[in-house]
Each structure stands twice: as structure tokens, then as C-alpha cells.
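Please report on the fold of this protein and on the salt bridges in it. Keep it short and define the terms.

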Amino acid sequence: MALFKFNARKPFRVRSLRRDRETDATRAARLLGLVEGLRKEIERERDGLRDRHESIATQAAFSQQALEDGQDTSMSPVINDLTDVLIRYSARIAALEKQIDFVTGLRAQAELFPYENEDIATAAPAPRRRLA
């Protein structure tokens, strides 16, 4: 009993280099799109937090000024709360900056993705002629 049956009418076929490159290019485009989407999402969050941070910093400054001027002595707890929020926002903004740097590095690597196997593909032996 033969393990492999040879059919001369249906010879064994291999994928073409062109098809492999197209597949790699499609994957690379999806990968770049995903990484770019992540970067934009993180930047939107960071930008929103920066806007809120500036607003709270302004509010805290006016509250501090009112406290120092003796206009409102009940502002001390409010200023403490605003300070805590500013600290949390600053920490989150810093974390988002690190994420943006990381995703930017991923994008640089993803841009190389379709070329990673280029050496392997070009070093492949030339297709042989059919013997039959």
C-alpha cells in the first residue's frame, strides 16, 4: 500500500512568492492599523486628562487664593481634594506617555513586519521543472 499517491494530472503545487508577499502585506496593514488605533486611543485619553488637569489646576489656584485672602475658610478641604486629583491625573498622564512611547516602538517594529522574511523568501531555491 502506497503512502502517497502521485497523480500526474494534479501535480503538487506550492505557493508563489507573490502570494506570500501579498499575504504578508495584508497582515502588516492590519497590524499597523491596530497599533495606530491604540496610539490614537491612548492620545485621546491623555489629551482629555490634560484638559481636565489644567481646569482643576486653575480651580485649585483660585481656591487657594480665596483661602489666603481670608474670603472662605472652608476651602481647605476642597484644596486638599483638588491636590489629590491633580496628583492622580499627573500620574495617569505619565503612564499614558509611557504607553504612547511603547506603542510608537511597536509601530516601528510593525513597519518592518513584511520585510522580516524577505531574506528567507529570496534565498529559496528556484522552482524546478516538472519531470513528467
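Buried means under 20% relative accessible area, exposed means over 50%, and partly exposed lies in between (1.4 Å probe, protein chains only). At 17% relative accessibility, Glu36 therefore counts as buried. Of the 132 residues of the protein chain, 18% count as buried.

This is a predicted model, in which local features need pLDDT of at least 70 and side-chain atom pairs count only at pLDDT 80 or more, while totals for chains, interfaces and linings use all residues. Residues are numbered from 1 along each chain as its sequence is written, and side-chain values use heavy atoms, with hydrogens and water left out.

**Confidence**

pLDDT is the predictor's confidence in each residue, from 0 to 100. Its mean over the protein chain is 82. Of the residues, 77% reach 70 or more. Helix α2 has the highest confidence, at a mean of 92. Helix α3 (residues 118-123) has the lowest, at a mean of 57. Where pLDDT is low, the predicted coordinates should not be read in detail.

**Fold**

The protein chain has 3 helices and 0 strands. Helices (H or I, at least four residues) and strands (E, at least two) are DSSP runs, numbered from the N terminus. Along the sequence, the pattern is α-α-α.

How do α1 and α2 pack? Their angle is about 160 degrees, and their axes are 8 Å apart. Axes are lines fitted to C-alpha atoms, for helices over the stretch in contact, and angles run from 0 to 180 degrees between N-to-C directions. That angle makes α1 roughly antiparallel to α2. The classes are under 35 degrees for roughly parallel, over 145 for roughly antiparallel, 65 to 115 for roughly perpendicular, and oblique for the rest.

The contact of α1 with α2 involves 23 nonpolar, 8 polar and 11 charged residues. Here Ala, Val, Leu, Ile, Met, Phe, Trp, Tyr, Cys and Pro count as nonpolar, Asp, Glu, Lys and Arg as charged, and the others, Gly among them, as polar.

Gly105 lies in helix α2 (residues 75-112). Gly105 is partly exposed, at 34% relative accessibility. Its C-alpha atom is 9.8 Å from that of Val35, a residue 70 positions away along the chain.

**Salt bridges**

The structure holds 10 salt bridges. A salt bridge is a side-chain nitrogen of Lys or Arg within 4 Å of a carboxyl oxygen of Asp or Glu. The table lists some of them.

| Pair | N to O distance |
|---|---|
| Arg107 and Glu36 | 3.8 Å |
| Arg46 and Glu97 | 3.3 Å |
| Arg107 and Glu111 | 3.4 Å |

Take the salt bridge of Arg107 with Glu36. Arg107 lies in helix α2 and Glu36 in helix α1 (residues 17-68), so the pair ties together parts that are 71 residues apart in sequence. Arg107 is partly exposed, at 27% relative accessibility.

Next comes the salt bridge of Arg46 with Glu97. Arg46 belongs to helix α1 and Glu97 to helix α2, so this pair ties together parts 51 residues apart in sequence. Arg46 is buried, at 13% relative accessibility. Glu97 is partly exposed, with a relative accessible area of 24%.

Arg107 also bridges to Glu111. Both residues lie in helix α2, 4 residues apart, about one turn of the helix. Glu111 is partly exposed, with a relative accessible area of 40%.

Which residues are linked in a network of salt bridges? They are Glu36, Arg39, Glu43, Arg107 and Glu111.
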